[in-house]
Amino acid sequence: MSNRHEVLGMQERPVEAIMPEGAQQIAELVFGGLMGLGIVLGIYHLLAKKDNRLLICMGVGFIACSLESHTVEMLKFIYPPVDQNVLYTAFGNPIPWFMGFCYAAWFGGANYLYLIGKKDIEWTFVGFAKALGLLLILETILEVICINAGIWAYFDDQPFVIFNYPVHVAVIVGCMSMTFGAFSKLWFANVKGASQWLLLIVGPAILIGLFEMFVYPFAIAIESSGGLNAARIGSAITMTFTIAFTFFAVKTMSRLENLLSTQRSLA
């Protein structure tokens, strides 16, 4: 992948693509540093405040990196395999170490910030749109930087591309984050003691399930041999369904958490 833009429109996965050494090392330092900071803060919160949530969230994020074995196939996505520092290989596709760190920082750190944020949120569609919009902007900035650094890329007939980045990916990631955030808030409020650590199993399963459900229309369309028009239809369905599902899921779980919180305060 001497030119990071060459793979767009390429039908076959470019197995000869080379991972840039410098960009890979920077990604490992940046994402690894964020993960390390989260772990240090998590240990402090656990020892000083008996609060294990940050450590659990970071662990969920890192384990959920197993999801990448699905994304590379269903989103037509590639990490340059040559000279890659490999975390694991699944379905014949190597996944780099920096993505484990990135998942821990994104799904772990961001989720923890949501947990300690405003209490008793009553989601309106406007509020939901603002929160999702912020996540879309952050995800897009991350993706564009990394695509231009050459450490990952999208190929095949990608629809709705901005700066070589298909926008449905930001929608999927943002909606996964919001849905899991609402679930984890319910989890920590109602699951006590050592059982809270079971989120290390439940959390990655939920994130993988959400991704599969959200991406399915696009994945079917891009595999249909229908070209760019079919991919656009699949992408539009994916984004519409994903946003609608997430809004009602987040609103319902938040209402349930508020109800349970009120009942606990009255008990």
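What follows is a short exchange about a predicted model.

Biologist: Why is K119 called exposed?

Modeller: Its relative accessibility is 52%, and exposed means over 50%, so K119 counts as exposed. K119 lies in the loop between α4 and α5.

Biologist: Why is S254 called buried?

Modeller: The cut-off for buried is under 20%. S254 has 7% relative accessibility, so the residue counts as buried. S254 belongs to helix α8, which covers residues 227-266.

Biologist: What does S254 touch, leaving aside its neighbours within four places in sequence?

Modeller: S254 is in contact with Y114, I121 and W123.

Biologist: What makes K76 and E223 a salt bridge?

Modeller: A side-chain nitrogen of Lys or Arg must be within 4 Å of a carboxyl oxygen of Asp or Glu. For K76 and E223 the N to O distance is 2.8 Å, so by this definition the pair is a salt bridge. The two residues are 147 residues apart: K76 is in the loop between α3 and β1, and E223 is in the loop between α7 and α8.

Biologist: Are K76 and E223 buried or exposed, or in between?

Modeller: K76, at 11% relative accessibility, counts as buried. E223 has 48%, so E223 counts as partly exposed.

Biologist: Why does D156 have no salt bridge?

Modeller: The nearest side chain of opposite charge is K76, 4.1 Å away. A salt bridge must be within 4 Å, so D156 has none, although D156 is buried. The side chain of D156 does make a polar contact with the side chain of Q11, at 3.4 Å. D156 sits in the loop between β4 and β5.

Biologist: How many salt bridges are there by this rule?

Modeller: The count comes to 3. Among them is the pair R53 and D51, at 3.0 Å from N to O. D51 has 13% relative accessibility, and therefore counts as buried.

Biologist: Which residues of α1 and α2 meet?

Modeller: From α1 they include L34, M35 and I39, and from α2 they are L54, L55, M58 and F62. The residues of this contact divide into 10 nonpolar, 3 polar and no charged. The axes of the two helices come within 8 Å and cross at roughly 145°.

Technical notes:
Residues are numbered from 1 along each chain as its sequence is written. This is a predicted model: local features need pLDDT of at least 70, side-chain atom pairs count only at pLDDT 80 or more; totals for chains, interfaces and linings use all residues. Side-chain values use heavy atoms; hydrogens and water are left out. Helices (H or I, at least four residues) and strands (E, at least two) are DSSP runs, numbered from the N terminus. Buried means under 20% relative accessible area, exposed over 50%, partly exposed in between (1.4 Å probe, protein chains only). Lys and Arg count as positive and Asp and Glu as negative; His and the chain ends are not counted. A polar contact is a pair of N or O atoms within 3.5 Å; within protein, one must be able to donate a hydrogen and the other to accept it, and residues adjacent in sequence count only if both atoms are side-chain atoms. Axes are lines fitted to C-alpha atoms, for helices over the stretch in contact, and angles run from 0 to 180 degrees between N-to-C directions. Contact means heavy atoms within 4.5 Å. Ala, Val, Leu, Ile, Met, Phe, Trp, Tyr, Cys and Pro count as nonpolar, Asp, Glu, Lys and Arg as charged, and the others, Gly among them, as polar.
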